[in-house]
Amino acid sequence: MNAQVIDGKAFAAEVRGKVAEKVAALKAEHGIVPGLAVVLVGEDPASQVYVRSKGKQTVEVGMQSFEHKLDAATSEADLLALIDRLNNDPAVNGILVQLPLPGHLNEDLVINSIAPEKDVDGFHISNVGLLATGQKAMVPCTPLGCLMLLRDHFGSLSGKSAVVIGRSNIVGKPMAQLLLRDSCTVTIAHSRTKDIEDVVRRADIVVAAVGRAEMVTGDWLKPGAVVIDVGINRLEPTEPGGKGKLVGDVDYASAAEVAGAITPVPGGVGPMTIACLLANTLTATCRVNGLDEPEGLTA
Ligand code: NDP
């Protein structure tokens, strides 16, 4: 293996450390305690794990955590009424509605009912527009985490050629916007891209956000490319009753032979997502109070 391993777990711990320091200073100097409200509708097991983990880490950095667990049958009107209360609660600086929502709830409507300045997931249409036009936005957490890892690795990203594989609203598109904002030459590849291997082989930076286990192999990469693997895929268990192995969208073993640096799965992008959620909550708190934004924790 030649590639440097980009340790997202360690970097995320550093980010949380910086957030905790700034939260302590906010408390000491201004009497402000940032608050993050997480709303979970229904009992999706994966979502429950995420929400628990978010709540725990929120408290660990010194913020207030407000958890709202609602029945799967909750009506849209009741959910919107809760969001309205949170929008108007001064103790709440960030609101996150855990996705996916049960089918009877309109996700776009729900997300767009969150006050944009409290939309710490960065999914509100206003934040999407602000990011696209290069204005101050709340930036989606996973792409922000990838950007932090890349900035840390390269210093400046200016002039690098980047390929983002995947064009979802939560990862691919905002990732491409962020890379463009940092003056990369950006290509977005997707399921209809022709000769995708050749497209990927031109890139100095490859961000894979596809949801297909180990799709990107070493022979797709330009030697020395930096690979950020967003994918989280569970393989079929190899023994009955076992838990399948977690892998990314990149075939780590072959990619690491060619890449200059690569994020592992698990332990790469995954831990950065919650760390960036906390960073965004801090940023939202600073903005609403007219204070300087935390350095190195925003796009
Ligand atoms: P989506 O399913 O919303 O989007 C996947 C994208 O990949 C689509 O744009 C699709 O193209 C593209 N795609 C699918 N098949 C191919 C193919 N064969 N070749 C090229 N492109 C293809 O997924 P998400 O963006 O939500 O998530 C992507 C991955 O990242 C998943 O594994 C997910 O679990 C993971 N993830 C990880 C997070 C973390 O914290 N680490 C957070 C969020 C997601 P098209 O648009 O043409 O259909």
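Where is the place of Pro 100?

Modeller: Pro 100 is in the loop between strand 4 (94-97) and helix 4 (107-111). Helices here are DSSP runs of H or I with at least four residues, strands are runs of E with at least two, and both are numbered from the N terminus. This is a predicted model, in which local features need pLDDT of at least 70, side-chain atom pairs count only at pLDDT 80 or more, and totals for chains, interfaces and linings use all residues. Residues are numbered from 1 along each chain as its sequence is written, and side-chain values use heavy atoms, with hydrogens and water left out.

The peptide bond from Leu 99 to Pro 100 is cis, with omega near 0°. A cis bond also joins Val 265 to Pro 266, again with omega near 0°. Pro 266 sits in the loop between strand 11 (261-262) and helix 10. Most peptide bonds are trans, and most residues other than glycine have a negative phi.

On phi, some loop residues deserve a look. Asp 195 is not a glycine, yet its phi is positive, at about 45°. Its place is the loop between strand 6 and helix 8 (196-201). Asp 195 counts as exposed because its relative accessibility is 54%, where exposed means over 50% relative accessible area, buried under 20% and partly exposed in between, with a 1.4 Å probe and protein chains only. Glu 214 has a positive phi near 55° and is likewise not a glycine; this residue lies in the loop between strand 7 and strand 8 (226-229). With a relative accessible area of 30%, Glu 214 is partly exposed. Ser 183, which follows helix 7, has a positive phi near 65°.

Helix 7 itself spans residues 172-181, and its buried residues are Gly 172, Pro 174, Met 175, Ala 176, Leu 178 and Leu 179. They pack against helix 5 (125-132), helix 6 (141-154), strand 5 (161-165), strand 6 (185-189) and strand 7 (205-208). An α-helix has 3.6 residues a turn, so residues three or four places apart point the same way.

The C-alpha atoms of Leu 157 and Leu 179 are separated by 7.7 Å, although the two are 22 residues apart along the chain. Leu 157 is buried because its relative accessible area is 1%. Not counting residues up to four places away in sequence, Leu 157 touches Leu 147, Leu 150, Arg 151, Leu 179, Asp 182, Ser 183, Cys 184 and Ile 205; contact means heavy atoms within 4.5 Å.

Asn 233 is in strand 9 (residues 233-234) and is buried, since its relative accessible area is 10%. A polar atom of its side chain lies 3.0 Å from the backbone oxygen of Gly 248. Beyond four places in sequence, the contacts of Asn 233 include Arg 212, Lys 245 and Gly 248. Gln 57, in helix 2 (residues 45-60), is buried with a relative accessible area of 15%.

A polar side-chain atom of Arg 167 lies 2.7 Å from an oxygen atom of the ligand. For Ser 168, an N or O atom of the side chain is 2.5 Å from a ligand oxygen atom. Arg 212 has a polar side-chain atom 2.9 Å from a nitrogen atom of the ligand. Taken alone the ligand exposes 930 Å², and the protein buries 70% of that; these areas come from the Shrake-Rupley method with a 1.4 Å probe.

Terms used
Polar contact = N/O pair within 3.5 Å; in protein donor to acceptor, adjacent residues only side chain to side chain.
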